[in-house]
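Subject: The structure, and what turned up in it

Hi,

Here is the structure I promised to pass on.

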Amino acid sequence: MNKDKEVAIIGVGMHPYGKYPEKDPRELGVHAVREALKDAGIVWKDVQAMAASCSANLGSFGWLPGHCIAQAIGETGIPIVNISNVCASGGSAIRSISAMISGGLCDVGIAVGVDIAPKGFYRALGLGNSWDYDYVRWKAVGMENPSYWALECRRRMAEFGTKEEDLALTKVVSSKHAQYNPYARYKKVFTVEEVLASPYVCSPLRLVELCPTSDGAAAVILCSIKKAHQFVNKPIILAGCSLTSASYGDPTIRIMQLSAPAQAQAPLISDAVSAFKSAYEEAGIGPEDIDFAELPDNSAWHYLVYMEAAKLCKPGEAEILLRQGDTAIGGKIPICPSGGPSSMGEAYPAQGIAQMCEMVWQLRGQAGQRQIEGATVALGQTYGMQGNSSAIIIKK
Amino acid sequence: MDNDRINVKQVSVFPEFFTWPSDDPRLVATRCKSCGYCAFPKSFSCGNPNCTNNNVEDILLSKTGKLWSWSTQYYQPPPPFIAADPYVPFAVGLVEFPEGIKILGIITGCTDPDKQLKIDMPVEVVAEKLFTDEQENEVIGWKFKPIG
């Protein structure tokens, strides 16, 4: 990108992930915004634009989260856009603000995401029409979200010889990272034996190998590079922020769908493959330059397949890196130093922004006992429900 | 009692998705006559961006396919699915048809799916009761049954 049009990250803030069924989502959102303002050393009236991620779980707040947060913190007349893009909403909000800044529409903008999720499985939200495949898959098949991942996981096990111990090991590694993250919901460290003693939800995937639905919030403040130096000496740079969708012929059986092509004419999780490729190109950075990655380990299967989509290893090699300890902090390519969605839980509107917070803390050397020494380039990527992906690269 | 049984009304869960009542129930898909693109549930439109003809027709898929993968659901799905009470874990599978499409459905005819099912084993399409709805109708859906 043209150096003058570079976008800096000057503030990040989060509300710890957990379960807060009695809380007002405004409280979580405003908490994250105020933390980000404090981190940036600016006040709310300095913010010139806001993009907020929508949640399907939260009624009127879920439609217009940005406006609800602005009302709670003080309306200033700024442009606010609310973005409904499932798991890629956070990345979409960051991308929207970044585009406003690099396009010269504003100098300082904020992206924010909040969710208070229902307990247990996500449910059908539709009205019962046969064209609403989300309703159809629940009613006619009883098909739960993680069962889609389980189908792909079992096939991967047959193709690459992935063992149940490998699936368990993803949780073990992530849980070791999460114990040091004050924002993670689960801080218990698991052993392989403990994971394998956890019941199946949808074989071959077990309860603790799946991310639960969580409540949480995250915010990030972006700034034009020329103005960023007023606030920080050496700002973190948003080097790439992509948004992609699936390609025709993608063989993945995606959540809500009833079918998928038998013969692949595009890669598995083609949306994610495209998102990584696009972010690498925008940043002028390759997979070999990445110091660590925050990936969507929504299930043990995701952990493995997203490493490959990111070209951090070749197909079938993710298990090898995992077994060698290369994905742990201190290894060659640490995955999810935050603990990832498996330890945070999924507050999907906030996910991409929460990843950004962890990436920034790591690059600034503020990650405490989970610090990756000397990290200068970080990659983040969220899972996307309907072939919907956003990848982010930041650098020092 | 016999009269009650006779009076049970059977309804299709989604009538346009599979042929029923029939001794040979089949899934209904669409295929583009120009490029071969296949869709289930059937679509009014060809979903291939490289094809500009949009020349779709309804087709009946083959009676049998191969079990591409499966998963046993150990926790009860929420409504609108109406699960057996008490809940009995059941398998869902993705079946590959010769027409070039993989389709989701419940696997029937096995008591211990994780021991009995094998990847790529042959299965056939059947129409069976899914559940009894609030109006006491027997709701019939498509399922896949291992052959042999």
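Below is what was found, starting with some housekeeping.

This is a predicted model, in which local features need pLDDT of at least 70 and side-chain atom pairs count only at pLDDT 80 or more, while totals for chains, interfaces and linings use all residues. Residues are numbered from 1 along each chain as its sequence is written, and chains are lettered from A and ligands numbered from 1 in the order in which they are written.

Chain A as a whole

Chain A holds 14 helices and 12 strands (DSSP runs numbered from the N terminus: H or I of at least four residues for helices, E of at least two for strands). Its radius of gyration is 20 Å, close to the 21 Å that the globule rule gives for 396 residues, so chain A is as compact as a globular protein of that length. That radius is taken over C-alpha atoms, and the rule is 2.2 Å times the number of residues to the power 0.38. Buried residues account for 60% of the 396 in chain A (buried means that 20 or more other C-beta atoms, placed from the backbone, lie within 10 Å of the residue's own).

Between them, 37 residues of domain 1 of chain A are in contact with 34 residues of domain 2 of chain A (contact means C-beta atoms, placed from the backbone, within 7 Å). On the domain 1 side, H4(A) gives the most, with 8 residues. By class, that side has 23 nonpolar, 11 polar and 3 charged residues (Ala, Val, Leu, Ile, Met, Phe, Trp, Tyr, Cys and Pro count as nonpolar, Asp, Glu, Lys and Arg as charged, and the others, Gly among them, as polar).

Where chain A meets chain B

This contact takes 33 residues from chain A and 34 residues from chain B. Helix H5 (133-141), helix H6 (145-160), strand S5 (200-202) and strand S9 (259-261) of chain A each give two or more residues to the chain A side, and H5(A) has the largest share, 7 residues. S9(A) also pairs with strand S7 (residues 101-107) of chain B, antiparallel over 3 bridges (pairing needs at least two DSSP bridges between the strands). There, A:Ser259 stands opposite B:Ile103 in S7(B).

Best wishes

Notes. Contact = placed C-beta atoms within 7 Å. Buried ≥ 20, exposed ≤ 12 C-beta atoms within 10 Å, placed from the backbone.
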